[in-house]
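Here is a short briefing on one protein structure. Look through the sequence and the 3D view before reading the points below.

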Amino acid sequence: MPVIVSDTSPVRALAHLGLLTLLEKSSGKVLVPNSVAKELLNPPSRFQSIDISNYDFFQVVVPQDEPFVTQLTARLDRGEAEAIAVAVEMHAVTLLIDEVAGRQVAIEFGLAPLGTVGLLLRAKQCRLCSNIAPLLDSLRSDLRFHLSDSL
């Protein structure tokens, strides 16, 4: 089964939409760095707490190359840095990440970033959900999720 690694934002967005099971249906197992699991469990006050240990398709991992993580934190937050490090270490086929800076760094290291919108589009193509426009509207209004007007 292909290795999928996730940053915080896609998990938070899918949890908000009640669609976390899309990750299990589309990928089986999702690796989540320890710092991302902590961010989800102890979020800023405007977000709900998400305990990924309640879902058997998540696996919390610790990146092995701490100097690489430290190098990445000069450009990114800790969760994004760990997600990229784990994805590189585990030869992930997909890195779930929404932030533009994180996506750019992921591409620099040969990773294939996929954001929440891309994941929802894939789910629609696979008939796992029917209409994503209301989902995008909810993300934008409730979570202040950045989406371009053209999207």
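Two strands count as paired if DSSP finds at least two bridges between them. The model described here is a predicted one. In this model, five strands make up an open sheet, in the order β3-β2-β1-β4-β5, with parallel pairing.

- Strands of a sheet pair through backbone hydrogen bonds, and the pairing is either parallel or antiparallel.
- The edges of this sheet are β3 (58-61) and β5 (113-114), each of which pairs on one side only.
- Strand β1 (residues 4-6) and strand β4 (residues 94-96) run parallel and are joined by three bridges.
- On β1's side of this pairing, I4 has T94 in β4 as its bridge partner.
- Helix α3 (residues 34-41) lies across β1, β2 (30-33) and β3, and its direction is at about 80 degrees to β2.

**Helix α1**

- Is helix α1 (residues 8-16) largely enclosed or largely open? Eight of its nine residues are buried, so α1 is largely enclosed by the rest of the structure.
- A residue counts as buried when its relative accessible area is under 20%.
- The buried residues of α1 are T8, S9, P10, V11, R12, A13, L14 and A15.
- After α1 comes G18, which has a positive phi, near 70 degrees.

**Helix α1 with helix α3**

- The helices α1 and α3 pack at an angle of about 35 degrees, and their axes are 10 Å apart.
- Their crossing is right-handed.
- From α1, the residues T8, V11 and R12 meet V36, E39 and L40 of α3.
- Sorted by class, this contact of α1 with α3 has three nonpolar, one polar and two charged residues.
- An α-helix has 3.6 residues a turn, so residues three or four places apart point the same way.

**Helix α1 with helix α8**

- The axes of α1 and α8 cross at roughly 105 degrees and come within 10 Å.
- The two helices α1 and α8 are therefore roughly perpendicular to each other.
- R12, A13 and H16 of α1 make this contact with S138, L139, D142 and L143 of α8.
- By class, the contact of α1 with α8 has three nonpolar, two polar and two charged residues.

**Helix α7 with helix α8**

- Helix α7 (residues 116-125) packs against helix α8 (residues 133-143) at an angle of about 160 degrees, with the axes 11 Å apart.
- That angle makes α7 roughly antiparallel to α8.
- The crossing of α7 past α8 is right-handed.
- Which residues make the contact? On α7 they are T116, V117 and L120, and on α8 they are L135, L136 and L139.
- By class, the contact of α7 with α8 has five nonpolar residues, one polar residue and no charged residues.

**Residue F68**

- F68 belongs to helix α4 (residues 66-72).
- Is F68 buried or exposed? F68 has a relative accessible area of 11%, so F68 is buried.
- Leaving out residues up to four places away in sequence, F68 touches A85, V88 and F109.
- F68 and R140 are 72 residues apart in sequence, and their C-alpha atoms are 33 Å apart in space.

Terms used:
Residues are numbered from 1 along each chain as its sequence is written. This is a predicted model: local features need pLDDT of at least 70, side-chain atom pairs count only at pLDDT 80 or more; totals for chains, interfaces and linings use all residues. Side-chain values use heavy atoms; hydrogens and water are left out. Axes are lines fitted to C-alpha atoms, for helices over the stretch in contact, and angles run from 0 to 180 degrees between N-to-C directions. Helices (H or I, at least four residues) and strands (E, at least two) are DSSP runs, numbered from the N terminus. Angles under 35 degrees count as roughly parallel, over 145 as roughly antiparallel, 65 to 115 as roughly perpendicular and the rest as oblique. A crossing is left-handed if the near helix is turned anticlockwise from the far one by less than a right angle, and right-handed if clockwise. Contact means heavy atoms within 4.5 Å. Ala, Val, Leu, Ile, Met, Phe, Trp, Tyr, Cys and Pro count as nonpolar, Asp, Glu, Lys and Arg as charged, and the others, Gly among them, as polar. Buried means under 20% relative accessible area, exposed over 50%, partly exposed in between (1.4 Å probe, protein chains only).
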